[in-house]
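Trainee: Walk me through the geometry labels on this one, please. I'd like to know what sits behind each term.

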Protein chains: 2
Amino acid sequence: MAGVSVATVSYVVNDARNVRPETRHRVLTAIQRLGYAPNAAARNLAAGRSFILGLIVSDIRNPFFPEIITGFQEAANVCSMEAIILNTNYDAARTREAVNRILGLQAPGVAVMTSQIDASVISLLPRKRVCAVYLDLGRVDKYISNITADYEGGIQAAVDHVTQFGHQRVGFIGGNPALTSAWRRRQAFLTCAEKAGLKEIRAVDSNFTVEGGYYACSKLLSGFDATAIIAANDLMAIGAMHAAYDRNLRIPADLSIVGFDDITFAQFAQPALTTVALPRNEIGRVAFQALWTTITDPSHAGSEYCMETRLTIRQSTGPAPR
Amino acid sequence: MAGVSVATVSYVVNDARNVRPETRHRVLTAIQRLGYAPNAAARNLAAGRSFILGLIVSDIRNPFFPEIITGFQEAANVCSMEAIILNTNYDAARTREAVNRILGLQAPGVAVMTSQIDASVISLLPRKRVCAVYLDLGRVDKYISNITADYEGGIQAAVDHVTQFGHQRVGFIGGNPALTSAWRRRQAFLTCAEKAGLKEIRAVDSNFTVEGGYYACSKLLSGFDATAIIAANDLMAIGAMHAAYDRNLRIPADLSIVGFDDITFAQFAQPALTTVALPRNEIGRVAFQALWTTITDPSHAGSEYCMETRLTIRQSTGPAPR
DNA sequence: TTGAAAGCGCTAACAT
DNA sequence: ATGTTAGCGCTTTCAA
């Protein structure tokens, strides 16, 4: 060995205390020579907290999430932290399990990017002194941060956009109105549409899935001759697109579709859709920052973050027919 | 507490020893009541191995991977293991970092689902007694398993499919031929096309991205009047679709596109594409199984697994024009 | 500036 | 069938 105590090695590795340069050097070379890699488990055990953060998502196969995950992981790695991803499959019971696993890992923090979570689980985390950051869950407290999005601005942009193209009969496909985020988008649409003085509007609520978008669009188009449709998320926009195809509507000649909130799909759905983008990798980064801030400074109370939205205009939005 | 020793709790949790049903029940309820979650760090430390497996992927935003990840995680969770996902961003240097982090976590195994890895890193893993499973890297050894896909079968199905629709001028968009998996697909295409007696074929190599598909398709269509195109992966198929749109070709009226190897895109790209599907969640499951087998039975040498492919026929494949 | 030593919460061998 | 107990490899307090 380097002829020093384990304690000294610990101090060198974590540079947590003044160590004589020469001693430090002896330790460092010994580490090199022996190919020593600190045992993460032992470190965690002794330190009482791990270097792993939890990242709970609804479904990694939903392209909404990989972007967030990427942003989160990249930010985490910069701070020598790991992220462990947990899928809930839109199931609150699985969210609970996920939280349990996170607790078991002694993770100092968790980002909860799903709405399917019980209040009891939300309150469990701070009790166990685990920092948490939520997406659109609207509460900020000790150990709890929240990220919200400027849905109103995004919807405004979407409405402005179709209005500019002369559309007057505009449909809106919303998500489950029980979710704050869906409700806010729906309300924003109604408000903006009124302000814009649109001739005719109709809103249908659905469930944020491709199938839901298909269904809602079909419903919307029967008896309502919309020339443009704004979907509250991208999956539903895709579904709406399929429904339009199946009714032999050309996009955008007969019907323009604006999908709210994705950027991932842009490249796939193109050229059929115009999108309002939430910068998702930013969400991931911000989520990590929120955790990092509260973890490193326990006196910190938790914060509210607001993400801007951004309209991605595509040539494919068409003028209103007729 | 439940009035039992810590050891008994351990035995119950791991059911590693016979425990009287009544005792077990007492322990279980106490666990419930206290919301006890085992400390992973302590377990790892005591057991000498961690319960975290590494899962290295090229890019989680590529829809190829989330499916694999899901399958892997679900299989892992059944065995009370966690999976930690590491993104390489198609960069061998980052793969090396990822492996290092895995080593630090004392992970007993790692699934490497990217081709961007140096030979030195591959050989490092078994030296550190970490099991590994690769995708299409073609070597099987102690601690090393390999998963390969029946590309030949898939390409055969794709060629048969377009042939059945009367297509005689068929283009092929391949990936980087330096990759075994891309090479095999390309070769299979050439072989099958010849066997099928197609009038005219042309193959262009590209790089497995949407942009690459766009580029390759454009190149393919200039001076070659293909009526069907087979793309070696889905991203390139999407790119090809865009290129076709931009040349005012209707799909499938003017050009049919068969995308090799995805199922995720089916729902998005529909109705434009026919796909040959690799069951990706199966890949994830198999990858976990491969690791689990070698981890739980160290005498086991590592195995070769072969995934079947499956053609997903969509009404959208059109007959050959003219 | 460094060392000694007491745990961290489990597992697994040994004892009962 | 269950309890006792010695570590696992670190961190961290306290002493030197």
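This is a predicted model: local features need pLDDT of at least 70, side-chain atom pairs count only at pLDDT 80 or more; totals for chains, interfaces and linings use all residues.

Mentor: Start in chain B, where α4(B) passes α12(B) in a right-handed crossing. Residues count from 1 along each chain as written, chains are lettered from A and ligands numbered from 1 in written order, and side-chain values use heavy atoms, without hydrogens and water.

Trainee: Why are α4(B) and α12(B) called oblique?

Mentor: Helix α4 (residues 64-78) and helix α12 (residues 280-296) of chain B cross at roughly 45°, their axes coming within 6 Å. Under 35 degrees is roughly parallel, over 145 roughly antiparallel, 65 to 115 roughly perpendicular, and the rest oblique. The angle falls in the rest, so α4(B) and α12(B) are oblique to each other.

Trainee: Which residues of α4(B) and α12(B) meet?

Mentor: With contact meaning heavy atoms within 4.5 Å, B:F64, B:I68 and B:F72 are among those in α4(B), and B:I283, B:F288 and B:L291 among those in α12(B). The contact residues divide into nine nonpolar, three polar and four charged.

Trainee: What makes α5(A) roughly parallel to α6(A)?

Mentor: Helix α5 (residues 92-104) and helix α6 (residues 119-127) of chain A cross at roughly 10°, with axes within 10 Å. That angle makes α5(A) roughly parallel to α6(A). A:R96, A:V99 and A:L103 in α5(A) meet A:S120, A:V121, A:L124 and A:L125 in α6(A). Those residues split into five nonpolar, one polar and one charged.

Trainee: How do you know how the two copies are related?

Mentor: Superposing chain A on chain B takes a rotation of 179° with 0.7 Å of shift along its axis, at RMSD 1.5 Å. The copies are thus related as by a two-fold rotation axis. The same surface serves both copies, as 95% of the contact residues of chain A recur in chain B.

Trainee: What about helix α3 of chain A and helix α3 of chain B: at what angle do they pack?

Mentor: About 130°, with axes 8 Å apart; each helix covers residues 40-47. So α3(A) and α3(B) are oblique to each other too, and their crossing is left-handed. A:A41, A:A42, A:N44 and A:L45 of α3(A) make the contact with B:A41, B:A42, B:N44 and B:L45 of α3(B).

Trainee: How do the residues of that α3(A) and α3(B) contact divide?

Mentor: Six are nonpolar, two polar and none charged.

Note on methods: Copies are superposed by least squares on the C-alpha atoms of residues with pLDDT of at least 70 in both. Axes are lines fitted to C-alpha atoms, for helices over the stretch in contact, and angles run from 0 to 180 degrees between N-to-C directions. Helices (H or I, at least four residues) and strands (E, at least two) are DSSP runs, numbered from the N terminus. A crossing is left-handed if the near helix is turned anticlockwise from the far one by less than a right angle, and right-handed if clockwise. Ala, Val, Leu, Ile, Met, Phe, Trp, Tyr, Cys and Pro count as nonpolar, Asp, Glu, Lys and Arg as charged, and the others, Gly among them, as polar.
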